[in-house]
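Here are my notes on this model. Please read them with the structure open.

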Amino acid sequence: MTRLIHTDGVVGLRAWAADDAEWYATAARDPLIQQFTTESSTVAPEQVRDAIGALPGQPTAVGFLICDARTGARLGNLALDHEDGIGDVSYWLAADARGRGAATRAVTLLVGWAFDVLGLTELRLWCHADNIGSRRVAEHAGFVRDPARDRDREIKGANWPTVAYRLPAPEEPSNRAQISSTSAP
Ligand SMILES: CC(C)(COP(=O)(O)OP(=O)(O)OC[C@H]1O[C@@H](n2cnc3c(N)ncnc32)[C@H](O)[C@@H]1OP(=O)(O)O)[C@@H](O)C(=O)NCCC(=O)NCCS
């Protein structure tokens, strides 16, 4: 099995390979992914292959395939774009991988790595206000609401009301206190 870069023993994160492209293009057509992410419904495997090939040359963009740590089965997509110490996290799971905590596990792995290895100072994410599953994943991974960055976004020809979350690096004692005392939105 391809080497896992990060794992908690249940899910793993590994680098994308060219032969994942077909799976990605098929999985991304799923209705929930179309409803709640910026993924195009017409993305072709060739485009995915090009994007995978370009990833290693991008110093501020990281992309992982989320997989089953035991079997290596492909589960989903996890991405981190970072600049000036601030990282933006995004994710989706293929339809058959949902409902068993895999997204929460994967985001939690990424959070630890982004702070400990990349040395980022804050992670952020946003989601459609109606995306309860994603909001729960964010909260389970330690993110707190950041209403100052809520905004409407023009996505795929529609207006999306989006809600923002943030997670400051834990080495700031004041932020750590804020995380533990903030309840879900
Ligand atoms: C959002 C998504 C990644 C969640 O993946 P998942 O592995 O099923 O999530 P988890 O199993 O870790 O569940 C996390 C929580 O969300 C809840 N949840 C998941 N999907 C839900 C849904 N559709 N409606 C309501 N709650 C949902 C779970 O019950 C769980 O809550 P709990 O532990 O407090 O009971 C997955 O549904 C998905 O890929 N959706 C489409 C793409 C997407 O929305 N990406 C995020 C864009 S911001």
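1. Helix 5 provides the largest share of the shell around the ligand, 6 residues. Helices (H or I, at least four residues) and strands (E, at least two) are DSSP runs, numbered from the N terminus. At least two shell residues each come from helix 2 (31-36), strand 5 (86-93), helix 4 (102-116) and helix 5 (132-140).

2. A caution on the source. The model is predicted: local features need pLDDT of at least 70, side-chain atom pairs count only at pLDDT 80 or more, and totals for chains, interfaces and linings use all residues. Residues are numbered from 1 along each chain as its sequence is written.

3. There are 22 residues around the ligand; Arg-98, Ala-103, Cys-127, Gly-133 and Arg-136 come nearest. A residue is near if its C-beta atom, placed from the backbone, lies within 6 Å of the molecule. The shell divides into 11 nonpolar, 8 polar and 3 charged residues. Nonpolar means Ala, Val, Leu, Ile, Met, Phe, Trp, Tyr, Cys and Pro; charged means Asp, Glu, Lys and Arg; the others, Gly among them, are polar.

4. The largest nonpolar core has 41 residues. Such a core joins buried Ala, Val, Leu, Ile, Met, Phe, Trp, Tyr and Cys residues through C-beta atoms within 7 Å. Ile-66, Leu-75 and Leu-93 are among those with the most contacts inside it. Helix 4 gives the most to this core, 8 residues.

5. Ile-132 is in helix 5. Ile-132 counts as exposed because it has 10 C-beta neighbours inside 10 Å. The cut-offs, with C-beta atoms placed from the backbone, are 20 or more others within 10 Å for buried, 12 or fewer for exposed, and partly exposed in between.
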